[in-house]
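Trainee: I am new to this structure. Please show me how to read its features, one at a time.

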Amino acid sequence: MIGAKLHRWLGAALCAAAVLAPGTARAQSGGPNLLKNPGFDWPAQTNGDVCAPGWQKDNAITPHEWTAYWTCKSGEEVFQDQVNRPPEFRVMTVDIAADRVRSYPTSASFFNYRSINRSVGLYQIVRDVVPGSRLRFSVWVNLLTTNSSILPLSSAREPGGLRARACIHTTGNVFLTPNLNDPAVVCGDWVRPYDTWGEAVVEATAAMSIIAVIIDATADYPVIHNDVQVDDASLTVVGSSPAPTSSPAQPQPAAASAPVGAPAVLVKTPTANVRAAPSFSGAILASAPQGTTFTVRAYTADRQWWQIEFSNAPGGLAYVHNSVVTLNAAAQAALGGSAPAAPQQPAAPQTIAGVPAQVVVNTGGGRLNVRAMPASNGQILGRVQNGASLEVKGISPDKRWWRIAYAGGADGTAWVMAQYVIPNAAARQLAGLP
């Protein structure tokens, strides 16, 4: 056993030494690497507890320059050990597991044991960036997710839906935990490199001289191992003008035109992300070029997201953010004659074209439990994907649960937690919400 470990260590060390020296900035492209400690090397640092500011978290140890974050438990989750349990952070070394280190001698590692955390990872604040610079953030990721303890461990056995992504906060406004729903945050596609190394990439334009790079992970199920290793990060300047933020492989929406007199929005920026849910963490379905027109069906209560007709989306509906589109006269009339400038609560219902009462699942990536009763210990009848639209039948007296149409329910209905869905105007009106 010792001989095998030594052999693995020497193999990794010799391979790395032949390519680069420890601490060297790796995986660069398009210019100098703007990150500090891009190789996640020693020395390590102990992080503060994001859920108890002022206290240290002894098992949150990260390579220097990288800060740990995770989702704190809500009041309802305090007694649910398998949900949003604080993860552990470690510095992985080649003598522990050479296959979990991409470049000698270390990588960063964080994990949950028989639990999940809905948003967990590392971030770094980067200063002295030229505003308007087009930035490319890349990081290599290796995931182990399994509910089996059979050696050798393999994600092919009962995986927990673990995935990771790279994000850029274009204004660097991070306090303790990054707000990934902030409009200033741009995230790349989720990646799932199970038991191997895969690259997570995102591009965004710096809005200020301070930005933040974020490595985010989530999982669907609380399996024995939901382990993330990251290595070889880079942040480079690739240009000075905006470019598409989505993968070139993503489908591009065909040119569309709204019926005459129908409410519609027109893409005014070089590109606009079409998302499955009204959230910046919603899955990107396509990147629409400037000039694309979409027929609109509704808008969210804060007037920041338009629900549009989009044939490639489940149910034929998707979302675009108000900041990247202009409105035609019919859409402006639906808002009372002017486009929204900032979040506000309109006095009138926001329904357009008779859209039925619906809620959209907004979990940030994971699936949402559908329960037989409006209680956290109610029987789980099934799970629905992030971004799914659900028909509303009512709301619980305490407004914490939505009653939805669900074929698997005893009377054709079931319940979902209100904090993980976004109601449209018709649903809010049905429930008596402002």
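Trainee: Which cysteine does a disulfide join to Cys 167?

Mentor: A disulfide is a covalent bond between the sulfur atoms of two cysteines. Here a pair counts if the sulfur atoms lie within 2.5 Å. Cys 167 is joined to Cys 187, S to S 2.1 Å. Before we go on: this is a predicted model, where local features need pLDDT of at least 70, side-chain atom pairs count only at pLDDT 80 or more, and totals for chains, interfaces and linings use all residues. Residues are numbered from 1 along each chain as its sequence is written, and side-chain values use heavy atoms, without hydrogens and water.

Trainee: Is Cys 167 buried or exposed?

Mentor: Buried means under 20% relative accessible area, exposed over 50%, partly exposed in between (1.4 Å probe, protein chains only). Cys 167 is buried at 0%. Cys 187 is buried too, at 4%.

Trainee: How many disulfides are there?

Mentor: The count is two. Cys 51 and Cys 72 form a disulfide with sulfur atoms 2.0 Å apart. Its S-S torsion is about -105 degrees, so it is left-handed. Cys 51 is partly exposed at 35%, and Cys 72 is partly exposed at 31%. The link of Cys 167 and Cys 187 has 105 degrees about the S-S bond and is right-handed.

Trainee: In which strands do Cys 167 and Cys 187 sit?

Mentor: Strands are DSSP runs (E, at least two residues), numbered from the N terminus. Cys 167 is in β8 and Cys 187 is in β9, 20 residues apart. Strands of a sheet pair through backbone hydrogen bonds, either parallel or antiparallel. Two strands pair if DSSP finds at least two bridges between them. β8 and β9 pair in the antiparallel sense over three bridges.

Trainee: What is the order of the five strands in the open sheet?

Mentor: The order is β3-β6-β11-β8-β9, with antiparallel pairing. β3 and β9 stand at the edges with a single partner strand each, so one side of each has no neighbour in the sheet.

Trainee: What pLDDT does the chain average?

Mentor: pLDDT is the predictor's confidence in each residue, from 0 to 100. The chain averages 80. Over residues 1–29 the pLDDT is below 50.

Note on methods: Helix = DSSP H or I, 4+ residues; strand = E, 2+ residues; numbered from the N terminus. Contact = heavy atoms within 4.5 Å.
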